[in-house]
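Hi everyone, thanks for coming.

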Amino acid sequence: MLVEREEHLERLLRVQEAALAGRGRMVLVDGPSATGKTELLHAVADRAEAAGFRLLHAICARPERTHALGVMHQLCRYAGIPGYGTPGGPGPDAQSADDLCAALLERSAEVPLLIAVDDVQHADEPSLRLLLHLSRRLRSARIVILLTDNTDVPSASLPLRAELLRETGLTRLRVGPLGEAGITAFLTPRLGPETARRLTPYFRAATGGNPLLLGALADDWEGSDGDESAGHSYSLALLSCLHRGDEGALALARALAVLDAEADDATIAALAGAPVETTARAMTACGLLCEEGRFRHPAVRQAVLDDLAPRELSALHRRAARLLYDSGAQPGRVARHLLQAGRADEPWAVRVLVEAADHELLADRPAAAAACLELAQRSSGDLAERAEILARLAHTEFQSDPAAAARHLPQLIAADRAGRLRFPESALLVRQLLWHGRTEEAVDALERIRSGPAGRADASGEVADLEQWLSWAHPPLARPARPAVPGPRRAVAGRTGEDTVVAMLRSEPWLGRAAALAGQLVRDHPEAVERAEQGLWDLRLSRSAYWSEEAAVLALLTLLHGDRADSAAEWCERLALDAAERATPAWRAVFLAVRAEVAVRQGDLTTAVERARTALALLPAKAWGVAIGLPLSSLIVATTRMGRYDEALRHLSQAVPTAMYESWYGLPFLQARGVHHLATNHHRAALGDFLSCGELQRKWGIQALGPVPWRAGAAEACIRLGNTDRAKQLIHEQLTRPGASGGRTRGIALRLYAATCPPGRGLQLLAEALELLESAGDRFEQARVLADMSRLYNALGEQRRARMLFRQSLHVANACEAQPLTQELLAGAEGSAPVGAEPMPDHHRTRIDELTGSEMRVASLAVMGYTNREIAAKLFVTPSTVEQHLTRVYRKLKIQRRQDLPSDLWPNASKAG
């Protein structure tokens with residue numbers, strides 16, 4: 001389409017008319033590449049032939065610049081001049097310029113001639129001289145010489161081109177990219193007027209008005225059902241422009257594609273091997289580059305890169321890396337080119353890759369960091385350096401997929417046996433081997449750590465820290481550590497000292513934090529909770545610190561065992577979100593698994609199931625290793641208490657590593673199995689599971705309460721089996737253990753102890769249990785205590801209070817979605833609907849919102865069954881004040897007596913207390 005070329009065509013037609021009248025001329029159509037010069041030449045040629053002209057056409061090409069008179073050979077073949085350009089003829093090289101010009105002038109007397117030469121910038125010098133010689137004899141000839149010239153490509157002979165431009169009879173026409181109106185006109189026949197107007201800004205930005213690129217982009221748009229993106233046709237058209245244009249333009253395009261938008265003009269020029277300014281200006285003029293000297297469309301860069309052979313592309317990236325390194329560029333920029341090259345042969349390259357990996361980790365791009373470390377490890381010639389980089393790589397990949405990171409374990413084991421790992425990397429190897437249940441190999445690595453020179457671990461007692469962590473996480477493998485001996489760090493084979501590229505891989509404080517928390521859990525230290533929370537505030541998850549996430553998990557468990565369930569839940573959600581933002585799905589899964597356990601302890605069974613399922617979905621079972629016991633145990637307990645026994649059984653049937661039972665992850669799994677057996681009336685099997693937990697903890701030397709309160713579960717199983725004496729013994733042991741003075745575990749034990757006592761004593765124990773469980777926030781266990789209190793009050797003949805407690809326990813059980821407990825409560829009511837069992841009317845809910853804070857506190861304690869005097873003692877007010885508050889509550893709720901208080905007030909009781 002000759003859009004915006006009407007004036008050019010009209011002038012060329014006037015030149016033709018003059019030539020028919022015997023006034024020949026030479027016309028030069030020049031402009032940037034791919035701006036429609038050839039299309040204009042073809043249009044003129046068609047009209048000339050229709051007017052009676054004979055067309056003599058030649059096409060110049062860069063490879064034919066050295067073929068003397070190659071252009072004239074083409075023209076003579078079309079002219080049909082005897083002896084010129086015919087097979088066997090002498091050819092123009094054998095004739096003088098005057099003879100050839102005379103022959104052409106003689107032929108023009110018979111028929112007008114249009115001599116059209118496309119891409120004259122590539123014409124050979126002898127042919128160009130002949131054309132100039134002929135142009136000086138056109139004043140009375142019926143000949144038009146039409147030349148097209150790319151202004152962005154250097155001519156084969158600049159002096160002759162200059163001479164051509166000085167010809168007095170020359171008509172020069174300039175063409176360029178289309179403007180906005182021209183682009184709209186170009187697109188309208190293909191896309192319709194409305195779409196053409198809408199897409200004109202996009203097409204102009206992507207093509208710069210270059211007609212060739214416009215047509216190709218329109219083809220892509222039509223072939224993609226209206227997707228505004230450059231495709232195959234656009235890329236091919238752009239490559240065509242580059243290959244037909246100047247070699248400098250192609251080199252510049254390749255340099256821009258390799259460096260992208262990250263380098264300055266000097267670096268681009270050095271990589272391209274040519275000045276940038278002149279070439280970029282020419283490429284901008286033809287629409288290949290935008291005004292800023294960059295590609296107009298993202299597809300351009302990929303097309304240029306794909307056009308390069310792999311060997312050429314790798315060489316360009318290596319050169320780019322060297323140029324950027326020499327200019328002091330950031331390690332990440334240099335590393336990207338080393339990665340693209342697939343090689344890091346330069347002496348400085350490995351150091352740059354390790355530094356880049358650190359930057360990528362800080363930017364939450366672990367996959368990019370792993371790629372840098374993998375190339376660095378593969379490229380390093382120092383065995384000790386390779387081993388340490390491999391440990392970093394394994395740690396980085398572990399956070400995304402522990403199963404994938406396991407592929408590095410054989411190499412790390414070999415390096416450790418050869419003495420090439422320092423203590424931090426050896427300890428990391430032990431932890432990963434234990435995670436995957438490879439106990440024997442972990443034991444071997446531990447023996448090397450324990451028997452190695454004192455200098456292998458530093459003077460801060462790192463071996464002792466590792467042993468302390470083992471005493472909690474994998475107790476069978478722990479042993480008392482010998483005191484650390486101050487001394488110089490052992491020189492690892494092949495190491496060059498502090499100048500090594502991975503000298504930053506030193507011991508880190510988080511192993512010490514993890515060890516301290518593990519010790520506090522084992523010994524139930526009184527300040528453990530405060531220290532754990534402070535550690536979480538200090539924590540900044542860092543992929544360069546091997547033990548930070550482990551310390552975070554131990555801190556969460558410390559909060560949970562210290563009955564800080566609300567705080568633990570908040571921290572779990574915060575850490576899981578942080579892990580998601582940092583692209584570490586493995587630790588996000590672990591934090592969600594801990595959150596599920598917290599939800600079980602809170603009686604929030606729905607949340608427990610949801611978080612545990614999410615955790616298991618984030619990682620395949622193989623990737624969990626021995627830690628799979630954590631999410632499975634929560635899921636089993638929650639689904640069991642919700643009455644989904646078949647689902648709980650499916651989770652119990654899932655294959656788990658045998659080594660799980662040699663770690664603390666096995667204890668909650670055994671406990672969960674015991675809970676399921678107890679709920680499904682397999683009491684002896686439940687007792688066996690709970691006692692197995694106790695046997696393991698005794699065997700491991702855990703003197704405090706331990707990871708799970710197994711004695712409470714065993715006592716409940718004994719009560720179900722009718723062995724109350726054994727149950728009392730277990731409960732007494734539970735209550736007298738270190739750390740059993742308060743909290744959730746004591747509340748559970750007191751509830752079970754109450755079941756073995758007379759009603760009067762039992763009610764006292766249950767009242768204390770209720771306060772403890774309220775404080776710990778365990779709604780499920782609160783519901784069980786309330787149900788037991790209701791039964792005891794009923795046995796004592798206090799049906800009013802029994803009914804009130806019944807409806808409270810039923811309300812809480814329903815809130816927990818604990819269907820078996822709800823059914824048990826209803827079955828105990830002998831089929832009659834207790835008072836308050838019905839849902840509270842909406843108007844009561846609205847009126848509850850009208851209560852003041854003081855009225856809410858009094859009403860909440862009253863609905864629990866406390867007398868006015870007991871409420872006064874709890875709230876430090878007088879009984880008359882309590883009575884006044886209750887009177888106002890009755891009036892606002894429009895009820896007559898305490899028994900009519902809605903059970904929905906009960907959830908506020910913990911705040912009231």
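So, first, a word we need: a cavity is a set of grid points where a 1.4 Å probe fits but cannot get out. Keep in mind that this is a predicted model.

With that word in hand, how many cavities of 30 Å³ or more does the structure hold? There are 12 of them. The largest cavity has about 100 Å³ of space in it.

Who lines that largest cavity? Among the lining residues are Phe 398, Trp 435, Trp 469, Glu 550 and Tyr 665. Helix H22, residues 423-435, and helix H24, residues 462-473, each put in at least two residues. H22 gives the most, with four. By class, the lining has eight nonpolar residues, two polar and two charged.

Okay, now the largest pocket. It holds about 970 Å³ of space, and 44 residues line it. If you want to find its centre on the screen, look for Arg 641, Glu 716, Phe 780, Glu 781 and Arg 784, which lie nearest to it. Several helices each supply at least two lining residues, including H27 (548-561), H32 (629-641), H36 (710-720) and H40 (779-795). The class count for this pocket is 25 nonpolar, seven polar and 12 charged.

Let's move to a strand.

Strand E4, residues 143-150, runs parallel to E1, with seven bridges joining the two; Arg 25, for one, has Val 144 as its bridge partner in E4. Strand E5, residues 170-174, also pairs with E1 in the parallel sense, over five bridges. There, Met 26 stands opposite Leu 170.

Ala 34 has a phi near 60 degrees and is found in the loop between E1 and helix H2 (37-50). Is Ala 34 buried or exposed? Its relative accessibility is 19%, and the cut-off for buried is under 20%, so Ala 34 counts as buried.

Then there's Phe 876, also not a glycine, with a positive phi of about 60 degrees. You'll find Phe 876 in the loop between helix H45 (868-875) and helix H46 (879-893). Phe 876 has a relative accessible area of 76%, so this one is exposed.

Notes: Residues numbered from 1 in each chain as written. Predicted model: local features only at pLDDT ≥ 70, side-chain atom pairs only at ≥ 80, totals over all residues. Heavy atoms only, no water. 1 Å grid on protein atoms, 1.4 Å probe; cavity = no way out; pocket = protein on both sides within 12 Å on 5 of 7 lines; lining within 4 Å. Points joined across faces, edges and corners; volume = space filled by probe spheres on them. Nonpolar A, V, L, I, M, F, W, Y, C, P; charged D, E, K, R; others polar. Pairing = 2+ DSSP bridges. Buried < 20%, exposed > 50% of the residue type's maximum accessible area, 1.4 Å probe, protein only.
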